[in-house]
Structures are given as C-alpha cells and as structure tokens.
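Me: I have a structure open and have not looked at it before. Can you take me through a few spots?

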Amino acid sequence: MPGTTATRSWRKTSPMLVASNTSPISNLAVIGRLSLLRSQFREIWIPGAVQSELHQLSDPAALKEIQQALQDGWMKPRALREDHVARLLAAALDPGEAEAIALALELSADLVLLDERDGRSAAERAGLRVTGVLGVLLRAKDDGQIQLIKPEIVALRTQARFFLSARLQEKVLAIAGE
C-alpha cells in the first residue's frame, strides 16, 4: 500500500507541513475522527478547490466539525500562487486532487493526504510522500489513539461510503495486527 511504510517514519520533532485533498478530511469527519488529523499533524493546508468541496458536504455533523477546524485555525485554506501545475493535473484528476498536489509542491510539503489511486500515483510521480485515511488510522493505532482499525473501516464503508477492496482491507488489517 503506497504510503504505508512511511507511516512508521512520520515521527519528527518539528511539525510536519501537510496538504490535503477532500477525501481524507471528509471521510474522517463523517465517522467522527477528524481530530486524528489535528493530533497527528497540528496543521493541514487545503487549496481552494478542496475548501469548496468540503463546504458542499451533505452530512451536517461532518460539515460542522470541518467548519470548526477552519475556525480554530488548524485547517488552513491557502490559494495557489501559480495554478499551472493544477491545470495540467486537472486533465486526469479532479480539481481537489490536482490542487492538493499543486499546493503540496508549492509548500514543499512533507506529506500530502490523498485517497484516490490516480491522485496518489500522480503525487508519488511528482516526488511527494503520500498517505490517506487508512494511513492516518494505522498511525492512530500505533499512537494509541484508537484501539482497533476494523471498526473504523466498517464506519468508513457504511457511514462515509468509502470504497476499499477486500485485498487492501486485509493488507491494512494485517499491518495493524488485526
């Protein structure tokens, strides 16, 4: 699983610079686990397309949690200085993914949060370290923030309608020792 090996090496003494796409934020908010992002990264930078997509969420509790994160200032919107990279990426990716990768490159981010396979591949080809909601959950278990990953995966599938192949689920649960 791309990014999984990196989950073990995220521990740094200085804060990480992290950019995110919509999916990791919205999915964690829907299952009531948005706080995992704050505890793991302190700040999450989001481009305009991601902020717009987040404002369109239909889950009122998730939307409220995201709005609170923006108000508290740990989720930080940031406009792209140059949209050339995002425009090139938008030919193959959705706007949030394209802008998240472009923002991560602009910021020289330590990590970009992406769940979709095509976005992850594009980010890795651009030299970025990538993880997604599953990597965040693995790290949360390692840190003792959650006891088990399997109930979180069930919640992602049922509440957030998160797609996860049986093979990937087995791999994540094996890494988690479940």
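Predicted model: local features only at pLDDT ≥ 70, side-chain atom pairs only at ≥ 80, totals over all residues.

Me: Where is Val85 found?
Reply: Val85 is part of helix H6, which covers residues 84-89.

Me: New topic, Asn21. Where is that one found?
Reply: Asn21 is in the loop between strand E1 (18-20) and H2.

Me: Buried or exposed? I mean Asn21.
Reply: Asn21 is buried, because its relative accessibility is 2% and the cut-off for buried is under 20%.

Me: What does the side chain of Asn21 make a polar contact with?
Reply: The side chain of Glu116, at 3.2 Å. The Asn21 side chain also reaches a backbone atom, the nitrogen of Glu97, at 3.2 Å.

Me: And which residues does Asn21 touch overall, not counting those up to four places away?
Reply: Val50, Glu53, Asp94, Gly96, Glu97, Ala100, Leu113, Leu114 and Glu116.

Me: What about Gln40, where does it sit?
Reply: Gln40 is in helix H3, residues 35-41. It counts as buried, since its relative accessibility is 8%.

Me: Which backbone oxygen does the Gln40 side chain reach?
Reply: That of Val136, at a distance of 3.0 Å.

Me: Why do H9 and H10 count as roughly antiparallel?
Reply: The angle of about 155 degrees is over 145, the cut-off for that class, so H9 and H10 are roughly antiparallel to each other. The crossing of these two helices is right-handed.

Me: Which residues make that contact?
Reply: H9 contributes Val133, Leu134 and Leu137. From H10 come Glu152, Ile153 and Leu156. Sorted by class, the contact of H9 with H10 has five nonpolar residues, no polar ones and one charged.

Me: There is a loop between H9 and H10. How about Gln147 in it, buried or exposed?
Reply: Gln147, in that loop, is exposed, given its relative accessibility of 65%. Neighbours within four places in sequence aside, Gln147 is in contact with Lys141 and Glu178.

Me: Now the other helix pair. How do the axes of H2 and H5 cross?
Reply: Helix H2 (residues 22-30) and helix H5 (residues 60-72) cross at roughly 120 degrees, and their axes come within 8 Å. H2 and H5 are therefore oblique to each other. Their crossing is right-handed.

Me: And which residues make the contact there?
Reply: On the H2 side, Ile25, Ser26, Ala29 and Val30. On the H5 side, Ala62, Glu65 and Ile66. By class, the contact of H2 with H5 has five nonpolar, one polar and one charged residues.

Me: Last topic, backbone angles. What is phi of Arg42?
Reply: Near 65 degrees, a positive value in a residue other than glycine. Most residues other than glycine have a negative phi. Arg42 is in the loop between H3 and strand E2 (44-46), and with a relative accessible area of 53% it is exposed.

Me: And Ser108, what is its phi?
Reply: About 50 degrees, positive although Ser108 is not a glycine. Ser108 is in the loop between helix H7 (95-107) and strand E4 (111-113). At 57% relative accessibility, it is exposed.

Notes. Residues numbered from 1 in each chain as written. Heavy atoms only, no water. Helix = DSSP H or I, 4+ residues; strand = E, 2+ residues; numbered from the N terminus. Buried < 20%, exposed > 50% of the residue type's maximum accessible area, 1.4 Å probe, protein only. Polar contact = N/O pair within 3.5 Å; in protein donor to acceptor, adjacent residues only side chain to side chain. Axes fitted to C-alpha atoms, helices over the stretch in contact; angles between N-to-C directions. Parallel < 35°, antiparallel > 145°, perpendicular 65-115°, else oblique. Left-handed = near helix turned anticlockwise from the far one by under 90°. Contact = heavy atoms within 4.5 Å. Nonpolar A, V, L, I, M, F, W, Y, C, P; charged D, E, K, R; others polar.
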